[in-house]
Amino acid sequence: MRTALRSAVAACMLLVAAQAVGTDIPYLTGRVNDNAEILSEATRRSLTERLKAHEEKTTNQIVVLTVPSLEGESIEGYAEAVFKAWKLGQKGKDNGILVIVAPNDRRMRIEVGYGLEGTLPDAITGRIIRNVMTPRFKTGDFNDGIDAGVNAILAVLETGKVPDSVGSAGEGERSSPVSHIQGPDLSIMERILFGAFIFGIIGLFTVIGVLTPGVGWFLYFFLIPFWAMFPIIVVGTSGAFYLLVTYLVMFPVAKLMLRRSGWYKKAAKGLRTKGNASIGGFSISSGSSGGSWSSGGSSSSFSGGGGSSGGGGASGSW
């Protein structure tokens, strides 16, 4: 009876572990695991020899993994699961490194064990991805991209210095000290869900600001930090910058165009003379705070809150 109970518990644990990651964790076959078949035999052999020599010299264990697709899984979550399953690095030293590439998703990551984070911090791994691997991947040269990336990692670990090829800043970082900020690595489904939540909220208040005489200009300035930071979670730094510029330009344009319409003039006059007006089934009233919205004849005030958002990591795309 006890044996059967133990077997049932073990089966349940295996089932939970298997469901924790959507993409299967492959079997560790060596230092180079080219499951996506994007590397030539010569590259696989050369990488294996160099990684073996480095491990014999330093005990650092570096493994390369390519998978065709992450199947919607976050590359950070998948890389961490693979790292733990394969137990990379020496026990007590935690000196393992996983270089993972998913060509169909155009995603890659360098996962670093705790013991090597001081020598190979996120800033350096991020620059290796952006400056060494990404340009080669964009041309479809996975052999040279992975080979050059591994060489850069080995150079940092063995010499303690960042190679000139890695550079001191990634593409576009010289133009602005904040352009290196990246959004968190999310799957397509997660981006859609976060996008619906974020843009649903700030989009609603933006529409209210455009449609409302008077207090609308207060909302215009109030929403600027929200449009500047929250979209980074979904579309990254560059996308958030373009959305902010679009908001800064289009909000005043839309509001100035609406000022010419009859219902807008009527609503503005109602607020000045009677203290309230109706727009699209909603009633707005003026007050000491500038105005308030209500629906169905009742009046209720609204106020906005503040928040912060940030993220980063040594992941990349091409």
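Reader: Let's start with Glu-37: does Glu-37 count as buried or exposed?

Author: Residues with over 50% relative accessible area are called exposed. Glu-37 has a relative accessibility of 65%, so Glu-37 counts as exposed. Please keep in mind that you are looking at a predicted model.

Reader: Where does Glu-37 lie, and what is its phi value?

Author: You will find Glu-37 in the loop between E1 and helix H2 (41-58). Its phi is near 55°, which is a positive value in a residue other than glycine.

Reader: Asp-94 also has a positive phi without being a glycine; what is the value, and where is Asp-94 found?

Author: Phi of Asp-94 is about 50°. Asp-94 sits in the loop between helix H3 (75-86) and E3. With a relative accessible area of 39%, Asp-94 is partly exposed.

Reader: Could we step back for a moment? How many helices and strands does the protein have?

Author: There are ten helices and eight strands. The protein has 318 residues, and buried residues make up 40% of them. Another way to look at the whole chain is through its contacts. Among contacts with a separation of 6 or more, 65% are between residues 24 or more positions apart.

Reader: Now a strand, please. How many of the residues of strand E2 are buried?

Author: To call a residue buried, its relative accessible area must be under 20%. In E2, residues 61-66, six of the six residues are buried, so E2 is largely enclosed by the rest of the structure. Now look at the two faces of E2. Gln-61, Val-63 and Leu-65 are buried on one side, and Ile-62, Val-64 and Thr-66 are buried on the other.

Reader: Which way do the strands joined to E2 run, parallel or antiparallel?

Author: Take E1 (residues 32-34) to begin with: three bridges join E1 to E2, and these strands run parallel. Asp-34, for example, has Thr-66 of E2 as its bridge partner. Then there is E3 (residues 96-102), joined to E2 by six bridges and also running parallel. Here Val-64 has Val-99 in E3 as its bridge partner.

Reader: How many bridges join E3 to E4, and what do E3 and E4 form?

Author: Six bridges join E3 to E4, and this time the strands run antiparallel. Together E3 and E4 form a hairpin with four residues between them. In the turn, Arg-106 has a positive phi of about 55°. Ala-102 stands opposite Arg-107 in E4.

Reader: Is E4 mostly covered or uncovered?

Author: E4 (residues 107-112) is mostly covered, since six of its six residues are buried. Arg-107, Arg-109 and Glu-111 point one way, Met-108, Ile-110 and Val-112 point the other way, and all are buried.

Reader: Next, the helices. How should I describe the directions of H4 and H5 to each other?

Author: Angles over 145 degrees count as roughly antiparallel. H4 and H5 pack at about 155°, with axes 8 Å apart. H4 and H5 are therefore roughly antiparallel to each other. The contact includes Ile-124, Ile-128 and Phe-137 of H4, and among the residues from H5 are Phe-142, Ala-152 and Val-156.

Reader: How do the axes of H6 and H9 cross?

Author: The axes of H6 and helix H9 (residues 232-258) cross at roughly 20° and come within 11 Å. That makes H6 roughly parallel to H9. Among the residues in this contact are Phe-199 and Thr-206 of H6, together with Tyr-247 and Phe-251 of H9. Sorted by class, the contact has 13 nonpolar, three polar and two charged residues.

Reader: Is Thr-206 buried or exposed, and which residues is Thr-206 in contact with?

Author: Thr-206 belongs to helix H6 (residues 188-211). Thr-206 is buried, at a relative accessible area of 12%. Leaving aside neighbours within four places in sequence, Thr-206 is in contact with Leu-223, Trp-227, Tyr-247 and Phe-251.

Terms used
Residues numbered from 1 in each chain as written. Predicted model: local features only at pLDDT ≥ 70, side-chain atom pairs only at ≥ 80, totals over all residues. Heavy atoms only, no water. Axes fitted to C-alpha atoms, helices over the stretch in contact; angles between N-to-C directions. Parallel < 35°, antiparallel > 145°, perpendicular 65-115°, else oblique. Contact = heavy atoms within 4.5 Å. Buried < 20%, exposed > 50% of the residue type's maximum accessible area, 1.4 Å probe, protein only. Pairing = 2+ DSSP bridges. Nonpolar A, V, L, I, M, F, W, Y, C, P; charged D, E, K, R; others polar.
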